[in-house]
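Please look over the sequence and the model shown here before reading on. The paragraphs that follow lead from the aromatic rings to the packing of a helix.

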Amino acid sequence: MPRKKSGLFDQREYVNRYHRETIARKNVTFNRKKPEDMALFEWAEKQPEGFVAYVKRLIRQDMNPD
């Protein structure tokens, strides 16, 4: 249940503004009807570090191919 407004402070607006200014998102889609897409999805989902951490690690490795 959302918090009630206390005076002039609007918690929801504060959180929305914080997310707009701080967080960047990029969606990755997987087609359930394509077996190759689902194989990628299932592999990424099984990673112990979690999906987002796994993708970020892959990007870092790609940026620094040492």
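**Aromatic rings and a helix face**

F30 is partly exposed, with a relative accessible area of 25%, where buried means under 20% relative accessible area, exposed over 50% and partly exposed in between, computed with a 1.4 Å probe on protein chains only. F51 likewise counts as partly exposed, at 25% relative accessibility.

This is a predicted model, in which local features need pLDDT of at least 70 and side-chain atom pairs count only at pLDDT 80 or more, while totals for chains, interfaces and linings use all residues. Residues are numbered from 1 along each chain as its sequence is written, and side-chain values use heavy atoms, with hydrogens and water left out. The mean pLDDT of the protein, that is, the predictor's confidence in each residue on a scale from 0 to 100, is 92, and 91% of the residues reach 70 or more.

A search of the whole structure finds three aromatic pairs; rings of Phe, Tyr and Trp (its six-membered ring) pair if their centres lie within 6.5 Å, and planes under 30 degrees apart count as stacked, over 60 as edge-to-face and the rest as tilted. F9 and Y14 form a tilted pair, with 5.8 Å from centre to centre and 45 degrees between the planes. Both of these residues are partly exposed, F9 with a relative accessible area of 42% and Y14 with one of 44%. F30 and F51 form an edge-to-face pair, at 6.4 Å centre to centre and 80 degrees between the planes. This pair links distant parts of the chain, since F30 lies in the loop between helix 1 and helix 2 and F51 in helix 3 (residues 51-63), 21 residues apart; helices here are DSSP runs of H or I with at least four residues, numbered from the N terminus. F30, F41 and F51 form one aromatic cluster.

Helix 2 has 12 residues and reaches 16 Å from its first C-alpha to its last, close to the 16 Å expected at 1.5 Å a residue, the expected span being 1.5 Å times one less than the number of residues. In helix 2, D37, M38 and A44 are buried. Seen down the axis of helix 2, the buried residues fall within an arc of 130 degrees, so they line one face of the helix, the arc being that of the directions from the helix axis to the C-beta atoms. These buried residues of helix 2 pack against helix 3, with contact meaning heavy atoms within 4.5 Å. The face of helix 2 turned away from its buried side carries the exposed residues P35, E36, W43 and K46.

Definitions and conventions
Helix = DSSP H or I, 4+ residues; strand = E, 2+ residues; numbered from the N terminus.
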